[in-house]
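Open your viewer and load the model.

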Amino acid sequence: MRRLRNVKIVATLGPASEDYDTIRALHEAGADVFRLNMSHGSHDEIREKHRIIRQIERDLDSPIAILADLQGPKLRVGTFASGPLELRDGAAFRFDLDGAPGDASRVCLPHPEIFQALAPGATLLVNDGKIRLRVESCGADFADCTVIAGGEISDRKGVNVPDVVLPLAALSDKDRADLEFVCTLGVDWLALSFVQRAEDVTEARALADGRAALLAKIEKPSAVERFDEILAVSDGIMVARGDLGVELPVQKVPPIQKRLIRKCRAAAKPVIVATQMLESMIESPMPTRAEVSDVAAAIYEGTDAIMLSAESAAGQYPVEAVQTMDKVAAEVEGDPNYPAIIAASRQTEGHTIADAIVAAAREIAETTDIKVICCFTQSGTTALLTARERPGVPIIAMTSQRGTARRLCLSWGCNCVMTAELERFKGAVVNAARAARAGGFATEVDQIVVIAGVPFNVPGTTNILRVAPCDERLIYNTDPG
């Protein structure tokens with residue numbers, strides 16, 4: 001299904017979007033990737049959503065990516081004997097391992113790992129950062145704090161510890177069970193929550209064992225500090241601005257977002273910008289002007305994908321939210337200033353033959369009357385390198401691997417087309433011309449650029465570029481081999 005924009009849209013499924021008709025409407029409205037939030041829903045419910053997505057994929061003959069988002073370890077306080085209470089500025093408050101219900105002076109924090117990592121002066125945040133406490137003294141089973149910014153605290157509110165790297169595994173027992181379940185089910189991407197270090201990703205990669213690509217969620221200050229190491233071992237990145245905006249001063253998040261997007265693009269790895277992009281559309285059919293500007297800013301920065309969370313999972317207007325994102329993206333990419341902004345942020349880390357070929361393909365396409373770049377890819381690498389260039393013409397990613405086509409649904413500009421395994425380059429050119437015509441990208445009188453690797457069906461062999469006519473008769477008359 002051809003989109004009239006390059007940035008991709010990720011839509012989270014939930015109670016508002018769990019039946020065939022709604023999920024199909026979301027895809028037809030513009031959703032390229034569906035996110036299954038493993039924090040909500042049983043395995044049976046997840047299995048049914050997966051089944052529906054694959055049915056829609058077959059019905060529309062359109063590759064769709066499925067992203068399973070693992071919950072990660074959740075840090076929460078215990079319960080309170082008398083219900084919610086108010087913590088006042090300047091008050092003393094203790095966290096400990098005592099399982100007894102809390103009161104105005106203390107509460108259980110059933111995570112000994114936190115106490116192992118704390119030091120005087122560290123900050124504890126409760127209830128999405130609404131309550132801020134400073135650690136005055138601490139030990140193996142307690143932390144005595146002063147309330148810096150008070151507020152209401154109640155049962156099982158979340159806790160953030162922004163100042164330290166916690167000795168916690170990124171994968172809980174639930175995550176490990178969920179990972180095995182969704183990999184067996186057949187998802188395309190795994191999103192890892194609470195990533196603090198590269199080792200968190202490599203641990204998950206060993207468990208996934210090649211069955212899904214790995215996307216690291218950047219939502220901790222420690223992940224920002226170690227981002228280069230995390231990016232190197234990840235297949236993609238999510239800039240998860242929710243927890244990131246809790247654990248860091250909110251004014252730091254926009255420049256971090258811009259910096260991480262540029263690093264991901266340079267590494268030819270897809271990046272998603274997520275959280276509160278169209279938050280008001282949970283209850284309103286219209287977004288705020290600020291939300292539209294936020295979505296537009298991410299697109300101007302060159303992100304691969306923008307994501308809806310509660311807007312499509314639990315909101316009253318899930319399809320309208322996707323349509324809004326689609327319209328904003330088309331408008332931004334149609335801005336005459338957009339190509340110059342994207343070109344100004346172009347940078348290349350590699351100096352391989354493949355890097356040179358995709359750069360040449362973009363240059364040829366943008367300086368001549370080329371309608372589309374067709375790249376043949378087995379592992380997806382050639383398409384990712386082509387997408388990194390952000391060419392001014394569409395990209396058709398052609399592959400015989402269904403999993404590759406699905407994963408590339410997350411990557412900027414990639415229109416994924418299934419093709420048979422090929423042995424000769426002339427056959428590849430013919431297939432590319434047919435795909436360009438069938439998709440409405442070009443006509444018989446147009447020319448296209450074809451990128452491939454010879455020998456075929458061997459990952460990492462991108463070594464040939466051909467400017468070819470879309471008229472098959474001319475291909476057979478002029479192409480060698």
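Select the charged side chains to begin: the protein has 53 positive and 66 negative ones, and the centres of the two sets lie 4 Å apart. Lys and Arg count as positive, Asp and Glu as negative, with His and the chain ends not counted; each charge is placed at NZ of Lys, CZ of Arg, CG of Asp or CD of Glu.

A word on the source: this is a predicted model, where local features need pLDDT of at least 70, side-chain atom pairs count only at pLDDT 80 or more, and totals for chains, interfaces and linings use all residues. Residues are numbered from 1 along each chain as its sequence is written, and side-chain values use heavy atoms, leaving out hydrogens and water.

Now switch to cartoon view. You will find 18 helices and 21 strands (DSSP runs, H or I of at least four residues and E of at least two, numbered from the N terminus). Along its principal axes, the C-alpha trace spans about 85 × 45 × 45 Å. Of the 481 residues, 56% count as buried, meaning under 20% relative accessible area with a 1.4 Å probe, protein chains only.

Next, select residues 425-438, helix α17. How many of its 14 residues are buried? The count is 10, so α17 is largely enclosed by the rest of the structure. Among those buried are F425, K426, N431 and A436.

Finally, step just past α17 to G440, which takes a positive phi of about 75°.

Definitions and conventions. Buried < 20%, exposed > 50% of the residue type's maximum accessible area, 1.4 Å probe, protein only. Expected span 1.5 Å × (residues − 1).
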